[in-house]
Amino acid sequence: MTFDLDSVLQERRIQSLYRRRRTVDGPQQPNLVVDGKERLAFCSNDYLGLANHPEVIRSFQKAANEYGVGGGASHLISGHSRAHHRLEEELAAFTGRPRVLLFSTGYMANLGVISALLGKGDAVFQDRLNHASLLDAGQLSGARFQRYLHCDPQSLVKKLERSEGRRKLVVSDGVFSMDGNIAPLKELAEVAHSHNAWLMVDDAHGFGSVGQGGRGVADLFDMGMGELPILMGTLGKGFGTSGAFVAGSEALIETLIQFARSYIYTTAMPPAVAEATRTSLRLLQTEDWRRERLQTLIQQFRSGCEQLGLELMDSHTPVQPIMVGSAEKALSLSESLEQQGILVTAIRPPTVPKGASRLRVTLSASHSEAHIDQLLIALENAVKEGQG
Ligand SMILES: *Cc1c(COP(=O)(O)O)cnc(C)c1O
């Protein structure tokens, strides 16, 4: 009995911070079978509805017949397949960068990039609401780690001015994962440039959902490699598959191949995942109706919430949090929705700051307008219940 795990777990329960998993049967889709019951779900990051798309599934199956299942080895040994290579080339064309490197997950991509580029004597500057994987990467890199105020270039300026770091890297989410707002990337790029720093953007939530052809925030702000030298995206959200990528110059990608430990020392993603992603990349670029549908649903949801007097964030992306405040209240609203057959997760500390607990509603092109109506009615009931 050296580690008193039980009392730590009990403490979490008391604080309404305890997390538990639910078991899903069947594919990701609005009508989700969760713990054996059908729920209307608003919590997936499958923004375009590609995770269960028949063409994506067919490509996956076909590639499994050709390549088998396992990646078999790391990319530098014998695991770098033709499928991976083609996907890298297509993602390079998609992002308008000379080269792309695939990673097995977004978490690993962020760890790999930041620790390959920075070490002792360097400095990293991050938006304080960046995704956990970026914050962890900054801590682990050994560089001096500083957070600036959320979406506040002036706060960044102050930290950069005082920095004596050899290499300086500014890092931001493109679309913030828990708030849905978009970082002021033009201003951040300017500040980075004038302080001799590099800019890295993690656009996990922007690819597929914003920009022309789903090209993400880099397209939205028309930022090439000069302004935005390190562009990272994930494949498990808008792309509907799994994995991640980093896009940039020849020298950047070669540096990552040599030095990114989370690239070097891990098994390549299954080639069939890469082939499935090539198909989802094509659908993501060509099927504009998915983004248009999303915008319609976002408008419908926002105006409905406004009528109910619910507090939303300034977001025009599929991430539409309803601000609640306390973890306890967020949890009880989420439970009330669930009793009405609707699944929306309560996001609590430490994922978000204390007092900023929320219901994180995410919308998908596979939702219908009737689904949004159902959600709005359930929200109205849940709020009434909370007041009564
Ligand atoms: C989801 C997410 C990641 C992690 O990506 P995975 O492929 O799920 O590991 C990284 N950054 C951001 C902003 C994310 O939302």
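Guide: In strand 10, Ala-247 is the bridge partner of Leu-231. Strands here are DSSP E runs of at least two residues, and helices are H or I runs of at least four, numbered from the N terminus.

Visitor: What kind of model is this?
Guide: The model is predicted, so local features need pLDDT of at least 70 and side-chain atom pairs count only at pLDDT 80 or more, while totals for chains, interfaces and linings use all residues. Residues are numbered from 1 along each chain as its sequence is written, and side-chain values use heavy atoms, leaving out hydrogens and water.

Visitor: In which sense do strand 9 and strand 10 pair?
Guide: Antiparallel, over four bridges, with strand 9 at residues 230–234 and strand 10 at 244–248. Two strands pair if DSSP finds at least two bridges between them.

Visitor: What's the strand order in the open sheet?
Guide: The order is 4-10-9-8-7-5-6, seven strands with mixed pairing.

Visitor: Which are the edge strands?
Guide: Strand 4 (99–103) and strand 6 (144–148), each pairing on one side only.

Visitor: Which strands does helix 4 touch?
Guide: Helix 4 (residues 82–95) touches strand 4, strand 9 and strand 10. Contact means heavy atoms within 4.5 Å. The direction of helix 4 makes about 130 degrees with that of strand 4; angles run from 0 to 180 degrees between N-to-C directions, with axes fitted to C-alpha atoms, for helices over the stretch in contact.

Visitor: New topic. At what angle do helix 13 and helix 15 cross?
Guide: Roughly 20 degrees, with the axes coming within 10 Å. Helix 13 and helix 15 are therefore roughly parallel, a term for angles under 35 degrees.

Methods:
Angles under 35 degrees count as roughly parallel, over 145 as roughly antiparallel, 65 to 115 as roughly perpendicular and the rest as oblique.
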